[in-house]
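Here are some notes to read alongside the structure. Keep the view open and find each residue as you reach it.

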Amino acid sequence: MANRKVRGACPHDCPDRCSWVVTVDDAGTAVALNGNTDHPLTAGRLCTKVNGYLQDRVYSPHRITRALRRVGPKGSGQFTPIDLDEALDEVATRLTRIAATEGPATIIPFSYEGTQGLLQSKSMSERFFARLGAAEVSHTICGPTGAAGLSAVNGFTVGALPEDAVHAELIIVWGANPVVTNQHLWPAMLAARSRGARIIVIDPVATRTARAADWHLMPRPGSDAALALGLAHLVIAGDFVDHDFIATRTTGFDELAAAAADFTPGRTADVTGIAESDLRALAAEYAAARPALIRLMVGMEHHTNGAALYAAIAALPVLTGMWRHPGGGIAYHTSPLFNRSLNLDGLRMAHLAPGPRRRINMVQLGQALADPDADPPARALVVHGSNPAVIVPRQPLVRRGMTRDDLFTVVHEHVLTDSARYADIVLPATTQLEHLDLMKSWGHTDLMLNLPAIDPPGDAISVTDLFRALAARMGFPEPCFTDSDDDLLATALSSTHPHLAGITLEQLREHGWQRLNIPTPRTPYAAEFATPDGRARLAAAARAATTALPRPPDARWPLQLLSVKGLRSMNSTYADTTQCARDGGPWLDLHPDDAAARAIVDGDLIEVHNQHATITLHARVGARTRPGVVAVVFGAWSVTHTAASGPAVNLLTPDSLTDAGGSAFHDTYVDVRPAR
């Protein structure tokens with residue numbers, strides 16, 4: 001029998017969403033995983049994160065294929081295998097008892113984007129917890145802050161499409177790293193460069209993208225609003241503005257001009273650390289391009305003034321009329337296009353809730369778990385598609401809460417993560433090769449269908465099957481809990497939104513993907529903005545001036561700590577694999593001036609510490625950061641590190657919030673010393 005080829009899609013979104021093809025032999029074993037050569041963006045190429053997906057996840061020797069019950073202290077990782085039905089019975093019994101005696105609001109469901117499929121992360125599980133009346137965890141940790149800033153000016157998050165970068169004369173990559181996190185967009189930028197475009201990177205860290213750009217500017221972290229207002233000052237003072245565009249498509253120009261007047265080149269240079277001559281050159285180059293595209297992603301939003309940063313930047317293409325031109329304006333993530341198009345309300349069925357639900361900001365999970373005076377207290381934590389013991393800020397508090405013996409914890413996972421080690425019950429999860437899913441994207445406009453290619457090993461169970469089984473055991477009578485995955489797929493596509501015109505399930509099954517019905521190049525704000533009056537609200541950008549100055553460091557902790565994306569891991573996913581060790585580390589980037597002041601040389605074992613914790617890393621001394629700034633790759637697990645303290649950077653971060661309720665973990669300050 002010939003090998004089968006099964007079309008699917010990567011479970012991650014970085015923000016690429018790669019289309020792939022799984023080769024399955026006649027024994028039902030996946031023997032190859034390759035990028036789909038028929039997909040224009042993927043073009044047969046997968047990133048280093050998932051090139052090893054078969055050995056790192058699907059057939060990993062560390063994969064969990066049986067349900068587990070804890071037999072040792074929480075966090076010890078001591079478990080014994082149990083039958084899946086026994087595990088599901090125990091979970092259903094415990095949740096039923098807790099809901100009846102303590103109230104359903106004491107049950108906290110925690111999930112995020114471990115798999116970003118709409119069926120496996122946004123359907124049956126959400127129906128289950130809504131019907132139960134459990135707490136509702138706000139998914140604020142990544143994305144909504146930047147979206148709030150852009151929407152405050154433009155009325156909507158999405159602007160130019162990323163692929164329209166090919167039409168730009170100037171591309172400013174501001175706080176993003178597409179060479180590492182968006183590898184299929186980078187060729188579009190290079191195509192623009194081949195026709196004469198310049199690529200400028202604005203980033204406090206010398207990332208791979210920064211090193212590949214034509215010009216790299218390194219502002220102080222969190223000073224981006226001041227930088228944008230300083231550029232606006234120069235654009236207005238030099239009369240580089242598009243007067244007709246401002247007159248017919250904006251409000252609040254006078255307010256913005258008044259706010260920008262305070263950000264003279266001298267003051268902006270002092271705040272940002274960028275030379276006054278560079279500020280003038282950047283403003284002139286930006287204003288002269290026809291068009292210029294600013295590429296933003298989510299990294300910059302993780303400051304206390306995160307939304308203000310994006311609002312200030314959003315003013316620049318409005319002032320210069322860049323939105324008139326194909327390839328001009330701002331390209332942010334594309335996820336909201338899918339959210340508006342698909343029937344997500346039908347998937348989630350939030351109306352099943354018996355009443356208003358308790359809301360918990362996921363950034364402050366530690367407070368919800370560990371606060372003895374919480375009303376109501378947390379009595380159960382159910383985790384799927386996430387690793388909160390790594391990815392949530394203020395880890396000492398999170399882990400203290402997860403250590404409570406009176407907190408019943410269930411984790412649905414592939415391998416024994418830091419979070420799973422705290423569980424009372426661990427349930428084995430299917431991988432992307434073993435379940436049906438519908439995938440949207442943060443980085444393009446192709447809707448993708450992931451078909452199951454192989455049978456799940458052992459007792460591995462999908463998210464949808466897991467919550468169907470729990471709903472049945474807990475006696476939920478609603479027929480929606482018997483919906484199959486095919487039913488859920490049909491529900492998601494049951495929308496009359498024009499973006500879905502021409503998209504059919506048959507075509508998705510045949511090709512694996514279909515593009516949303518959106519013209520390209522896209523000039524969404526050439527005629528009007530997505531605001532009630534159709535005009536950009538420049539007053540929202542002017543208000544950024546009140547929070548434009550970055551937070552000063554504490555004298556005790558003089559170094560600002562940034563966490564950056566890894567080349568071989570996706571947040572905390574794959575941090576346990578051998579491929580992540582290829583780059584060495586775990587390490588901390590440290591400027592030579594800061595290293596010399598502390599008698600640290602390249603390669604030294606060092607302690608990074610603040611009022612929250614101390615972690616042990618290796619020093620990587622060089623000019624990858626500016627003086628006063630240190631950087632570490634985000635997502636490492638404590639249990640994969642030999643030092644007892646572990647490298648998990650969120651042991652050091654506070655759970656303070658941005659101006660839009662997200663995580664301000666880039667406003668973390670530390671000091672560094674040689675390891676004792």
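1. Let's begin with M349. Is M349 buried or exposed? Its relative accessibility is 15%, and buried means under 20%, so M349 counts as buried. You will find M349 in the loop between α16 (344-348) and β14 (359-361). Look at its backbone too: M349 is not a glycine, yet its phi is positive, about 55°. Please keep in mind throughout that this is a predicted model.

2. Another residue has a backbone angle worth a look. D239 is not a glycine either, and its phi is positive, at about 55°. D239 sits in the loop between α9 and α10 (243-249). As background, most residues other than glycine have a negative phi, and most peptide bonds are trans.

3. Now for the peptide bonds. Which bond involving P291 is cis? The bond from R290 to P291 is, with omega near 5°, and P291 belongs to the loop between α13 (276-288) and β12 (292-296). A cis peptide bond also joins D375 and P376, where omega is about 5°. P376 is placed in the loop between α17 (365-370) and β15 (380-384).

4. In general, nonpolar side chains tend to be buried together in soluble globular proteins.

5. The crossing is right-handed. From α5, the residues in this contact include G146, A148 and G149, and from α14 they include G306, A307 and Y310. By class, the residues of the contact are eight nonpolar, five polar and no charged.

6. How do α4 and α20 run relative to each other? Helix α4 (residues 124-132) and helix α20 (residues 463-473) have axes 8 Å apart and pack at about 30°, and they are therefore roughly parallel. Their crossing is left-handed. M124, S125, F128 and F129 of α4 meet a set of α20 residues that includes V463, F467 and R468.

7. Eight of its eleven residues are buried, so α20 is mostly covered. The buried residues include L466, F467 and L470, along with R468. After α20 comes G475, with a positive phi near 75°.

8. Finish with helix α9 (residues 224-237) and helix α12 (residues 265-272). Their axes come within 9 Å and cross at roughly 165°, and the two helices are therefore roughly antiparallel. The crossing of α9 and α12 is left-handed. In α9, the residues A226, L227, G230, H233 and L234 meet P265, T268, V271 and T272 in α12. The contact divides into five nonpolar, four polar and no charged residues.

Methods
Residues are numbered from 1 along each chain as its sequence is written. This is a predicted model: local features need pLDDT of at least 70, side-chain atom pairs count only at pLDDT 80 or more; totals for chains, interfaces and linings use all residues. Side-chain values use heavy atoms; hydrogens and water are left out. Axes are lines fitted to C-alpha atoms, for helices over the stretch in contact, and angles run from 0 to 180 degrees between N-to-C directions. Helices (H or I, at least four residues) and strands (E, at least two) are DSSP runs, numbered from the N terminus. Angles under 35 degrees count as roughly parallel, over 145 as roughly antiparallel, 65 to 115 as roughly perpendicular and the rest as oblique. A crossing is left-handed if the near helix is turned anticlockwise from the far one by less than a right angle, and right-handed if clockwise. Contact means heavy atoms within 4.5 Å. Ala, Val, Leu, Ile, Met, Phe, Trp, Tyr, Cys and Pro count as nonpolar, Asp, Glu, Lys and Arg as charged, and the others, Gly among them, as polar. Buried means under 20% relative accessible area, exposed over 50%, partly exposed in between (1.4 Å probe, protein chains only).
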